[in-house]
Amino acid sequence: MANQGKSLDRKKLLSDPIMITAIIGIFVFLLLFILYPLAILLADSAVVETKNPAGVSEKALGIGNFIRIFQMTNFRHAISNTLWLGLVTGIGATVIGFLFAYVDAYVDTGSKFVSKLFKVVSILPVVSPPFVLSLSALFLFGRTGLITRGLFKFNNVTITGWPGITLVQILTFFPVCYMMLKGLLKNIDPSLEEAARNMGASRWKVFTTVTLPLLLPGLGNAFLVTFIESVADFANPMIIGGNFDTLATSIYLQLTGAYDKSGATAMAVVLLVISMGLFILEKYWLERKSVATLTGKASRGRTLITDSSVRYPLVTLCVLITLFVLGMYALVPLGSLFKIWGKDYHLSLRWYHYIFKNNGYRVFTDSILLSLIASPITALLSMIIAYLVVKRKFAGKGLMEFVSMLAMAVPGTVLGVGFIRGFSSGLFHTGFMSGLYGTGAILILVFIVRSLPIGTRSGIAALRQIDKSIEEAAYDMGADSFRVFTTVTLPLIKESFISGLVTTFVRSITAISAIILLVTPKYLLITVRINEFAEKGSYGIACAYATVLIIITYAAICIMNLILDNFGKSKSTVIEE
């Protein structure tokens, strides 16, 4: 019977040319733009350069690069620092992200304004470059900070090091967890929890025995994404890290400071092994806990919690976090208006005049255009991959899921080196593919590759909650795979699709580590300009760029949410009719 079932699935797949084309196209994309650059990096890390007795350089395969980097004391410290930082950041960001998502989906805050404020604040750290948050932390808690120096008169106290990195990374990455968990919480049928309550279970018992088990895959995904984002981040450690070395900064400095490409790629392989080990553990642990909790439209809306013993503590905690985040980000526009931070606090628009007189408009138009191109491609591609992985049976399905996750396990700077090596020399040193280097196309491809894992994981978590009988009913009525995906599946995972679209846009327009080595004078990007001026100590100019960037990103988010919400409603109406 099992063999007959597999044969039937195979025949059904072969009779669907759209599905076959999608599978082949996805594999070609993953091969060219994920596996190939990684293969180039692995090859470089295994090539050891030595000199023969005559003084002539020779290359040979071996593990000499790995032996050399593990003999570096700083690198060994960087490994332990990275693992500790990733663990603390992952737990902190997941907890805070879940708190905001739970309050949004389950608690009556008593004010629509408060609910909207929570959503705005939870997205705010995502829409600005991460190193800008580091600057805000230095403005508050640095040696000349408003709190450490101005309020408490501490001359030798600073937040640089692991406390500062942990703070800014949690504030930067918890909105990603919020966006991933919000849709999952809203998709849980309230009748499941109400049934337990009617049987006499307390609210805490219902949460621990019903709600939490249903969310374990989503929580695991959120932690995984945050952990790998944390260990791969180099912008925050570079700005606020001080002497606290991480793997990402070690790789970057080894590459750009010591010009040691083989050593940097060997360090990247170590980081890749750590990240993939976590991914494999999460995958096989959560596979056994996946359940179907969404079987169509919910019977009715959820009754929000009004119990003061639950409502007041949760809302108060969110308000405190909200005020802290708002205080942090208020420093960005203020910093752009002050003449010199810490010395001259007179208000001035001089920095805005400067950025718009010096290629300002081109900086913003280039960044917006490239991000707008990458966003819908990534969102749709990630949903297609998630659909194939969860809802279809074919040879290589596990490989497709595994490869689509690899990009978030690689530091952005190292991925950039892989693209440079792969498409300016390597196998594609001539022909059409060699022309990618130095163009906007290679920047768009990096944006897509870097954001693809988050959208895919979000889509997989959402699709695993949809009972397969819904789509089978559409197939039985004669619909092909394309029509089923666009009219049944995609509307049901609308929030995950929107999350992927918005996340890709903000990650692309605020990206720095993945493209700082790929961008050329042909394209001026906002984050690269911010990084340049921040390194020079021109914080006013950096804050001015960041302020305009936040405004542009927020406007784009509102427009995209409005369009996609109307699109989803129209499709839902068709399904109901």
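Let's start with one aromatic cluster, formed by Y354, F356, Y361, F364, F533 and Y545. Before going on, some ground rules: this is a predicted model, where local features need pLDDT of at least 70 and side-chain atom pairs count only at pLDDT 80 or more, while totals for chains, interfaces and linings use all residues. Residues are numbered from 1 along each chain as its sequence is written, and side-chain values use heavy atoms, with hydrogens and water left out.

Now for the rings themselves. The structure holds 15 aromatic pairs; Phe, Tyr and Trp rings (for Trp, the six-membered one) pair if their centres lie within 6.5 Å, and planes under 30 degrees apart count as stacked, over 60 as edge-to-face and the rest as tilted. F29 and F33 are a tilted pair, because their planes sit at 55°, with centres 5.3 Å apart. Both belong to helix 2 (residues 17-46), four residues apart, so about one helical turn separates them. Helices here are DSSP runs (H or I, at least four residues), numbered from the N terminus. F29 has 15% relative accessibility, so it counts as buried, and F33, at 10%, is buried too. The cut-offs are under 20% relative accessible area for buried and over 50% for exposed, with partly exposed in between (1.4 Å probe, protein chains only).

F533 is buried at 6% relative accessible area, whereas Y354 is partly exposed at 32%.

Y545, another cluster member, is in contact (heavy atoms within 4.5 Å) with I355, N358, V363, F364, I526, R529, I530 and F533, leaving aside neighbours within four places in sequence. Y545 also turns up in the largest nonpolar core, which has 181 residues; F29, L185, M400, F419, I530 and Y545 touch the most other members. Such a core is a set of buried Ala, Val, Leu, Ile, Met, Phe, Trp, Tyr and Cys residues joined through side-chain atoms within 4.5 Å.

What lines the largest cavity? Of its 22 lining residues, P130, F173, E229, R507 and T510 are the closest to its centre. Lining residues have an atom within 4 Å of a cavity point, a cavity being a set of points on a 1 Å grid over the protein atoms alone where a 1.4 Å probe fits but cannot get out.

Methods
Helix = DSSP H or I, 4+ residues; strand = E, 2+ residues; numbered from the N terminus. 1 Å grid on protein atoms, 1.4 Å probe; cavity = no way out; pocket = protein on both sides within 12 Å on 5 of 7 lines; lining within 4 Å.
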